[in-house]
Amino acid sequence: LRGARDSIYQFLGTATQLSVEDQSIATNLGFSTFFDGMATLVPEIFAVVIEHIQYQDDRTTRMLVRAFICPLVRNCPQNYWAHWMRTLLPPLLQHMHSRLTTGWHAFLVGNQGASSSQTDTTNAANAGGPVVEHGDEIMHDLCVRELTREHLSLMLTISAGDESGNAYFHMQKKKQVKTMLQWLAVDCPQSAACLLATAVAALTWPDSETGSKAIKVCRIALSMSQEPQYASFQPFITKDMLTACISSLTLPSHADFQSEILMVIRDIIVAYSDHVSAILLTLPNIDNQILVSFHQAMKSKGSEKDQRNLVRKLLLRSGGSELKAMAQAHRPGMAIPQLQGADFDKRDQQQNKPGTQNQNAPLLETDEQAPLSNLF
C-alpha cells in the first residue's frame, strides 16, 4: 500500500509538468495542461490528498510534499492559483505549522533528558542489566527532520518560485516579482500567516538545512513588508522574527549562515528602528544610552558590512545563554498571527497577559547551545 501511494504521488507530480504546445492537438484532447484538464477534479484531489493528512505518518506526508505538492506549486500557472491553491494550500499550511511545531517541541523537550538517559543506559550495561534501545525515537526524530526540510522547500517555492530562494531577489532587481506568497498575502492572508509563523519557528530548531531555508523565507517576507500592500507583516517581523533571528545565533547548527541571519537582523533594525527598540532593551547589558549610541553608529556607517558588525557587537554584550532565555520567554512563531493591524495589537495585549503562553511551544533548552562569541 505504501509503495502504491508513493507511486501515485510521483505520477501526479510528473503529470503537473504535462503541457500540450500544439493548439490543434490541445483542442482535440480537450486540455492543454494538467491544470485545466484536471480543474474539475480539485475537490476530489483535496479529499484524497489533503483532507485526512493528519492521519498520515511523517514519512508518507514527506513523500506527498516532495513528490506532488512541490511540483504542483512550482508548475501551476498564475491564472490557476485561485482555483487550485485556494483549495489545497490553506489547510496544508495550517496543518504543517501545527504538526512541525508539535514534533520539534517533543524533540527539544526530549533532549533535556538525553544525557541522564544515556548515563542510565551505560550503567545498566555495566551492571549486566537490560539495555533499552532508542532506535524508534531516533527514527522518529529523523523523519521529523526530513519532513521539516521538505516543507521548508515547499515554503521557499511558494515564497520565491524556486527551492533555492534566489529567483525572488533576481526578479526583484528587474521589478518583475510576482510570487505565490504575495498572492496568498492578499487573497488568503491566514495561509500566508501560517507560512510566516512556520518559517520563524523553524529558525529556532537545531537543524542546519531547515534553518538555512527558513532564513531565506524570512528575508523574502521582510523585503515584502516594506511594500504598502504587505504592511500587515510588520508587527510580526519586528517582534517574532527579530526575536527568532537573535536567538538562532546561539545554535551551532546555524554557524554556516550566521552572516545571513545578521543581515536580516540588520535589515529589520534599519527598516523599523523605532519598533525594535523595545525588544533590544530587553537584552541584558543593553540600556537606553547604549541603544541610542548604537542607532547613531548605525546611521553613520554606510556599508552593510559595517552595520552587521555593529549588530554583532551589540548582541555580544548579552551572551548566548541570555539570548536563549529571551527566545524561551517570547517563543517566536508558535502563535499564528492575524495579518491585520488591529488584530496584531490585540495579539500583543493577549500575549502580555499571564497564562496566555502556548503550552505546546518548544523550549530551546538543548545541549546544542553555545556562547554567542564562540560562533563569530
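A polar contact, as I use the term today, is a pair of N or O atoms within 3.5 Å, where within protein one atom must be able to donate a hydrogen and the other to accept it, and where residues adjacent in sequence count only if both atoms are side-chain atoms. What we are looking at is a predicted model, in which local features need pLDDT of at least 70 and side-chain atom pairs count only at pLDDT 80 or more, while totals for chains, interfaces and linings use all residues. Residues are numbered from 1 along each chain as its sequence is written, and side-chain values use heavy atoms, with hydrogens and water left out.

Let me start with Asp287, which lies in the loop between helix H15 (273-281) and helix H16 (288-300); helices here are DSSP runs of H or I with at least four residues, numbered from the N terminus. The side chain of Asp287 reaches the backbone nitrogen of Gln289 at 3.2 Å. Because its relative accessibility is 38%, Asp287 counts as partly exposed, that is, between buried (under 20% relative accessible area) and exposed (over 50%), with a 1.4 Å probe and protein chains only.

Ser273, Ser277, Leu280 and Leu281 in H15 meet Asn288, Leu291 and His295 in H16, contact meaning heavy atoms within 4.5 Å.

Now please turn to the other pair, helix H1 (residues 2-15) and helix H5 (residues 58-75), which pack at an angle of about 15 degrees with their axes 7 Å apart. H1 and H5 are therefore roughly parallel to each other. Among the residues that meet there are Tyr9 and Leu12 in H1, and Met63, Leu64 and Phe68 in H5.

Finally, Gln56 sits in the loop between helix H4 (42-49) and H5. Is Gln56 buried or exposed? Gln56 counts as buried, because its relative accessibility is 15%. Its side chain makes a polar contact with the side chain of Tyr9, at 3.1 Å. Not counting residues up to four places away in sequence, Gln56 touches Tyr9, Val49, Thr61, Leu64 and Arg99.

Note on methods: Helices (H or I, at least four residues) and strands (E, at least two) are DSSP runs, numbered from the N terminus. Axes are lines fitted to C-alpha atoms, for helices over the stretch in contact, and angles run from 0 to 180 degrees between N-to-C directions. Angles under 35 degrees count as roughly parallel, over 145 as roughly antiparallel, 65 to 115 as roughly perpendicular and the rest as oblique.
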